[in-house]
Amino acid sequence: MIVRKGIYVLCCALVSVAVTPFVFAQQKHSHAHEHGKGNLEITLDKNRILSHFTSPLQALVGFERPPKNQAETDAINTLNQRLLSPATLFSVNAEAECKPTILENKIVRDAANKHADLHYQLEFTCAKPAAIKQMTIHLFKDTKHLKEVRVEFVGPSGQKSSTANAKSNTVIFN
Ligand SMILES: [Zn+2]
């Protein structure tokens with residue numbers, strides 16, 4: 001028994017070393033890293049809306065490796081500034097009086113520094129939850145590399161998937 005237990009521990013220690021944070025993030029959200037395409041998971045629960053946006057950094061600034069020059073540094077700084085104002089990026093219809101709080105805002109790089117994803121998670125707390133109807137994604141206008149956002153919504157009425165883009169940037173909850 002003792003020997004078998006020892007083998008088991010060795011096995012799992014090796015597995016955990018092999019899994020990089022980047023791979024783990026992909027497995028967790030089951031979406032491939034695909035340039036130009038972001039993912040948005042929305043969960044509606046009573047007066048709270050959780051939104052988890054993930055996107056290749058390429059879709060947001062045009063590159064993913066660490067910045068190499070002033071223009072690229074500026075692009076990252078501009079993105080970071082925008083991310084600090086969540087209401088200008090994702091908004092719930094005004095009647096519901098929802099206020100966003102940033103739960104997660106980080107860039108996850110792969111081990112080779114070739115690919116990177118933004119993880120941006122918000123929690124909206126809504127004063128009038130009965131009025132909650134939809135969320136609008138405002139990222140497309142100033143983010144030319146972002147072509148579409150795959151949306152998965154979970155709410156009291158069930159689960160649904162849709163795709164948002166520059167021409168159709170509103171997710172209707174029903
Ligand atoms: Zn990439």
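Phenylalanine 53 lies in strand β2. The structure is a predicted model. Phenylalanine 53 has 24 other C-beta atoms within 10 Å, and the threshold for burial is 20 or more. The residue therefore counts as buried. Leaving aside residues up to four places away in sequence, phenylalanine 53 touches Gly38, Leu40 and Tyr120. Isoleucine 42 is 11 residues from phenylalanine 53 along the chain. The C-alpha atoms of this pair are separated by 8.6 Å.

Strand β2 spans residues 48-56 and pairs with β1. The pairing is antiparallel and extends over 7 bridges. Within it, threonine 43 has leucine 50 in β2 as its bridge partner. The two strands form a hairpin, with 2 residues between them. Lysine 46 sits in the turn. Its phi is positive, at about 55 degrees.

Strand β1, residues 37-45, is also joined to β7, residues 148-155. Here the strands run parallel, and 7 bridges link them. Lysine 37 is partnered by glutamate 148 in β7. Further along, isoleucine 42 stands opposite phenylalanine 153 of β7. In general, strands of a sheet pair through backbone hydrogen bonds, in either a parallel or an antiparallel sense.

These pairings belong to an open sheet of 6 strands. The strand order is β4-β5-β2-β1-β7-β8, and the pairing is mixed. The edges are formed by β4 (98-109) and β8 (158-164). Each edge strand has a single partner, so one of its sides is left without a neighbour in the sheet. From one strand to the next, the twist averages 15 degrees. In the sheet order, β2 is placed between β5 and β1. Strand β1, in turn, is placed between β2 and β7.

The wider fold can be described in the same terms. The protein contains 4 helices and 9 strands. From the N terminus on, its elements follow the order α-α-β-β-α-α-β-β-β-β-β-β-β. Of its 174 residues, 23% count as buried, and phenylalanine 53 is one of the buried residues. Contacts were also examined by sequence separation. Among contacts with a separation of 6 or more, 61% are accounted for by residues 24 or more positions apart.

Technical notes: Residues numbered from 1 in each chain as written. Predicted model: local features only at pLDDT ≥ 70, side-chain atom pairs only at ≥ 80, totals over all residues. Pairing = 2+ DSSP bridges. Axes fitted to C-alpha atoms, helices over the stretch in contact; angles between N-to-C directions. Buried ≥ 20, exposed ≤ 12 C-beta atoms within 10 Å, placed from the backbone. Contact = placed C-beta atoms within 7 Å.
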